[in-house]
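Subject: Structure for you to look at, with notes

Dear colleague,

Please find the structure below, followed by my notes on what came out of going through it.

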Amino acid sequence: MSDPLHVVVLVKQVPDTYSERRLREEDWTLDRDATDPVIDEIDTRGVEAGLQLVEEHGGEVTVLTMGPERATEALRKALAMGAARAVHVQDDRLAGACALQTSVALAAALRTLAPDLVITGNESTDGRTGSLPSMLAERLGVPQITSAKALRLDAATRSLSAERVHDSGVTEVTATLPAVVSVNEKTNEPRYPNFKGIMSAKKKPVSVLGLDDLEVDPARFGTGATSTTVLAGAPRPARAAGETLTDDGQGNSVATVVEHLVAGRLL
Amino acid sequence: MSQPVLVLVDHAGGALRPITAELLTAAARLGDPTAVVVGTPGTAQQLAAELGRHGASRVFAAEGPDAEAYLITPAVAALAAAAAQTQPVAVLLPSTIDGREVAGRLSARLESGLLADAVDVRLAEDGTVVAEQSVFGGEYTVHARVTVGTPIISLRTSAIEAQETAGTAEVVPVELVVDPAVSARVVAEHPEPAGDRPELTAADVVVSGGRGVGSAENFALVEALADVFGGAVGASRAAVDSGYYPSQFQVGQTGTTVSPQLYIALGVSGAIQHRAGMQTSKTIVAVNKDPDAPIFELADVGVVGDLFTIAPALTEAVRERKG
Ligand SMILES: Cc1cc2nc3c(=O)[nH]c(=O)nc-3n(C[C@H](O)[C@H](O)[C@H](O)COP(=O)(O)OP(=O)(O)OC[C@H]3O[C@@H](n4cnc5c(N)ncnc54)[C@H](O)[C@@H]3O)c2cc1C
Ligand SMILES: Cc1cc2nc3c(=O)[nH]c(=O)nc-3n(C[C@H](O)[C@H](O)[C@H](O)COP(=O)(O)OP(=O)(O)OC[C@H]3O[C@@H](n4cnc5c(N)ncnc54)[C@H](O)[C@@H]3O)c2cc1C
């Protein structure tokens, strides 16, 4: 490949999975104030995969997010890891967007960037639809290699191959760039940003795009135009308090455990 | 007759996967179950009787060599073609990695809303399709509906019980057109050998091991306890990442979600992300040597002690009890 590789990695800011995540009872949308927002861990693996490819083949990584103003922190984290620039799609009309609307906005932003390769996580930790990578591939009219690990790029032929891990095994797949790739959790261990990375991230360019900057039909956006609506919700009923036994080191607790299992008709 | 509901058939090696019958059962609540088989020539005919027995009245056969040569796009093409012919009330797919990706592409192609990983579906009084989802690792249950286009819903494995009917299904061919330019090509398949244990999501009993199990060899203790119950084996992410057990057995936020009758956690601390994959289990038993381990907050029966003593003793006691 004569031209340097342009990889765009999608990163999403999500509520920290280490905290108790909540939905707002008014409309059952994500309560963003309840938890600390963080870059989704899977997307740090996407950034790592992108950086490894450009380190091997030359080129640059751009990171792209769609989210409220605070989501810029997720972009900074990715810039600190080594991405060159960032694009932030931010517009009040995107609040509460469904996956379909998200894919329209992100696909439009991706068209302005014309990447050779788009990398995403296989599944976010909040929405968890696992559908965005393939929605983007469909909208961009490119192949998708999803739930991938062991990515290999043959720069001369622009051919990308990977192992795709799915529910019933592993499939070896290949596609020609441009393509969308989603990485799975076991794909790599993401690097930690070092001090130099963190300092230089502050100076890297972050461009903010609103819906009016993108070639999209504005009628598709806004909460009135979402493709899915939550009608009702309920928190999980509390579990009844259990019993805790302390074993004597010889297994004397086992008889009590068995009694419980018998009482619960589990034995 | 009621409106068709399309179901993407999950099959391998000439047999249906259990989720297919669950999807057809769910579809029957919404309308007329219509199966879509994507496979090499002859597959639909081979599966038709069983599909009929689970409620399919019609089977669309999208067959050809491309069906297995490309990733995801053949199923999308087949469903889009079937949807164009039938104007379905909904399209139901398995909430597997494949199913959700097919759902994603289809949803963009049909400009239709998608609800992922539903645990139940029903037809509301006004005739709209409502899906129940369990979000944030079971912290909330929500009821949602699609408000743009044809509802595209992926259904979690083992969430609803499959039913049998006395029906038969008629096979109808549908054209399979795959565009290689937008498709990844399959080079080789390495299917996971089906073990002797039940699938994690389908098992009534799941016994999971964590980092406390200490090694891959020691996981034999976890397996032995699972086996006396005829159960499945799970693992925490720390156990998987330490190389003790293969990644397809990971339970939790980024692994499988299970909801068995009985979940036994051995040497698992109970991190919130692990709990996200098992906290809707009916009964939870935990063995951990740390009395402050968070798993005890969730356990119906918690044992503070050494798993290397307790797991084998429990295995023995259960074996005796079962005779
Ligand atoms: C609890 C909950 C349940 C939801 N259920 C649904 C539902 O059933 N149907 C529906 O249409 N919407 C749903 N949503 C909304 C949906 O999560 C958002 O629209 C979201 O931006 C896209 O879906 P996802 O996070 O599920 O993406 P996934 O497909 O799971 O994400 C995969 C990858 O796509 C990339 N990505 C996803 N979103 C963004 C983003 N905003 N910016 C940059 N990259 C991104 C990331 O790399 C991510 O790792 C739900 C939201 C929540 C909080
Ligand atoms: C985005 C994200 C997603 C994640 N997804 C998942 C997921 O899907 N699944 C998951 O499990 N984790 C997940 N995690 C990781 C999670 O945070 C924890 O790190 C992990 O669950 C810990 O696994 P563990 O309980 O086996 O290990 P540890 O936390 O190390 O616990 C080991 C336990 O074993 C006990 N122990 C040690 N020896 C013995 C003995 N001889 N007898 C009895 N007890 C003993 C110890 O007291 C300790 O409590 C995720 C994290 C993140 C950030």
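Leaving aside its neighbours within four places in sequence, which residues is Thr35(A) in contact with? With contact taken as heavy atoms within 4.5 Å, they are Pro15(A), Asp16(A), Ser19(A), Glu20(A) and Arg21(A). Thr35(A) itself is found in the loop between strand E2 (13-15) and strand E3 (37-39) of chain A, helices (H or I, at least four residues) and strands (E, at least two) being DSSP runs numbered from the N terminus. Thr35(A) counts as buried because its relative accessibility is 9%, where buried means under 20% relative accessible area, exposed over 50% and partly exposed in between (1.4 Å probe, protein chains only).

Before going further, please keep in mind that this is a predicted model, in which local features need pLDDT of at least 70 and side-chain atom pairs count only at pLDDT 80 or more, while totals for chains, interfaces and linings use all residues. Residues are numbered from 1 along each chain as its sequence is written, chains are lettered from A and ligands numbered from 1 in the order in which they are written, and side-chain values use heavy atoms, with hydrogens and water left out.

**Chain A as a whole**

Chain A has six helices and 13 strands, and its C-alpha trace spans about 70 × 45 × 40 Å along the principal axes. Of the 267 residues in chain A, 54% are buried, and among the contacts with a separation of 6 or more, 71% are between residues 24 or more positions apart. Strand E8 (residues 159-166) and E9(A) pair in the antiparallel sense over eight bridges, a pairing of strands requiring that DSSP finds at least two bridges between them. A hairpin of two residues joins E8(A) to E9(A), and Ser159(A) stands opposite Thr176(A) in E9(A).

Asp126(A) is buried, at a relative accessible area of 12%, whereas Lys12(A) is partly exposed, at 32%.

Another is the salt bridge between Glu48(A) and Arg191(A), with 2.8 Å between the closest N and O atoms. Glu48(A) lies in helix H1 (residues 41-57) and Arg191(A) in the loop between strand E10 (179-183) and helix H5 (195-201) of chain A, so the pair ties together parts that are 143 residues apart in sequence. Glu48(A) is buried, at 5% relative accessibility, and Arg191(A) is partly exposed, at 28%.

**Where the two chains meet**

The size of an interface is often given as the accessible area lost when the parts come together. Between chain B and chain A the buried area (accessible area, 1.4 Å probe, that two parts lose on being put together, summed over both) is about 6800 Å², and carbon and sulfur atoms give 54% of this. In chain B, Phe136(B), Tyr140(B) and Gln253(B) lose the most area to chain A, together 11% of what that side buries. The contact takes 83 residues from chain B and 78 residues from chain A.

There are 12 salt bridges between chain B and chain A, including one in which the side chains of Asp98(B) and Arg164(A) meet at 2.7 Å, N to O. Helix H5 (residues 97-109) of chain B gives the most to the side of chain B that touches chain A, with nine residues.

The chains also share strand pairing, since six bridges join strand E9 (residues 169-176) of chain A to strand E12 (residues 185-191) of chain B in the antiparallel sense. In E12(B), His190(B) is the bridge partner of Val170(A), and Ala188(B) is that of Glu172(A).

With best wishes

Key. A salt bridge is a side-chain nitrogen of Lys or Arg within 4 Å of a carboxyl oxygen of Asp or Glu.
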